[in-house]
Amino acid sequence: MPNPLFFASLSIPLIALPLIYWAYTYPKNKYKQTNLVLYVHDYLTGDDKSAMTVAGKDGPGTSIMHFGTLLAHDDPVTIGPDPKSEEVGRAQGMYINSQLDGKAIYLVFSVMFTGGEYKGSTLEIQGADPFVLKEREFSVVSGTGYFRFVRGYGVMTTEFLDIPNMRAIIKLNITVRHF
C-alpha cells in the first residue's frame, strides 16, 4: 500500500505553484489618481440664482445661516473662479445647517460633469463644511463613468463670499483614486 504522506507531498506543489504565479503576475497598482480643481458658483439671489432654501424654522424664507435650514442647489461648476469661465458641470444636491450656532453646514451633492474630459461622469461628495474656517476637507464617496469605484477627498476654500446677497464661489481641490 502506498504511503499517504507521499501523495500529500505531491499535492503541495500543485496548490502552491498557481498561487505563486498569481502573486507575481497580478498587477500591483491598478488604480489611477486624478487631481481636479473646480469652482462651484452658489447663488441664492439674482437672475442667475442656483440655490434656494426649502425648509427652515421660519419656512422657506429662513436664511441658510440658521440651524436646521435645508437648501437645495443646482450650481454651475467651472474650471476657473470667473463666472464666465468654462462650465464643465453642475453641483446638484443639498445643504443643511447642522451646527447649533449656525456656523457649519452638512453637504451632500453630486458633481455632474456635462462637458469637458469627464462628460457623463459624476462624483458624489459629502461631509461637514464649517464655513468659518479657511480650508475644509470633505469626502468623495462614490462616482460613475470615468470615476467608477472612486474614493478620495477634497479641500474646499471660499474664493468669494457676499453674505448680504448670499452669493459664494467655492474652490474644490479634489484628489481621487479610481480604476
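Modeller: One term before we start: strands here are DSSP runs of E, at least two residues long, numbered from the N terminus. Also, this is a predicted model.

Biologist: Fine. How many helices and strands does the protein have?

Modeller: There is 1 helix, and there are 9 strands. Along the sequence the order is α-β-β-β-β-β-β-β-β-β.

Biologist: And what percentage of the residues is buried?

Modeller: Of the 179 residues, 36% are buried.

Biologist: On to the largest pocket. What is its volume?

Modeller: About 400 Å³.

Biologist: Which residues lie nearest its centre?

Modeller: D42, I105, L161, A168 and I170.

Biologist: What's the lining like by class?

Modeller: It has 18 nonpolar residues, 4 charged and 1 polar.

Biologist: Let's switch to D162. Where is D162 found?

Modeller: In strand β8. D162 is buried, yet has no salt bridge.

Biologist: Why no salt bridge for D162?

Modeller: The nearest side chain of opposite charge is R167, 5.5 Å away.

Biologist: Then which side chain does D162 have a polar contact with?

Modeller: N165. The two side chains are joined by a polar contact of 2.8 Å.

Biologist: New topic: L123. Buried or exposed?

Modeller: Buried, because its relative accessibility is 0%. L123 sits in strand β6, residues 122-129.

Biologist: How far apart in space are L123 and G145?

Modeller: 9.3 Å, C-alpha to C-alpha. In sequence, L123 and G145 are 22 residues apart.

Biologist: Last one, S98. Where is its place?

Modeller: In the loop between β4 (87-97) and β5. S98 has a relative accessible area of 42%, so it counts as partly exposed. The range for that class is between 20% and 50%.

Biologist: And how far apart are the C-alpha atoms of S98 and P130?

Modeller: They are separated by 9.5 Å. Along the chain, S98 and P130 are 32 residues apart.

Methods: Residues numbered from 1 in each chain as written. Predicted model: local features only at pLDDT ≥ 70, side-chain atom pairs only at ≥ 80, totals over all residues. Heavy atoms only, no water. 1 Å grid on protein atoms, 1.4 Å probe; cavity = no way out; pocket = protein on both sides within 12 Å on 5 of 7 lines; lining within 4 Å. Points joined across faces, edges and corners; volume = space filled by probe spheres on them. Nonpolar A, V, L, I, M, F, W, Y, C, P; charged D, E, K, R; others polar. Helix = DSSP H or I, 4+ residues; strand = E, 2+ residues; numbered from the N terminus. Buried < 20%, exposed > 50% of the residue type's maximum accessible area, 1.4 Å probe, protein only. Lys, Arg positive; Asp, Glu negative; His and termini not counted. Salt bridge = Lys/Arg side-chain N within 4 Å of Asp/Glu carboxyl O. Polar contact = N/O pair within 3.5 Å; in protein donor to acceptor, adjacent residues only side chain to side chain.
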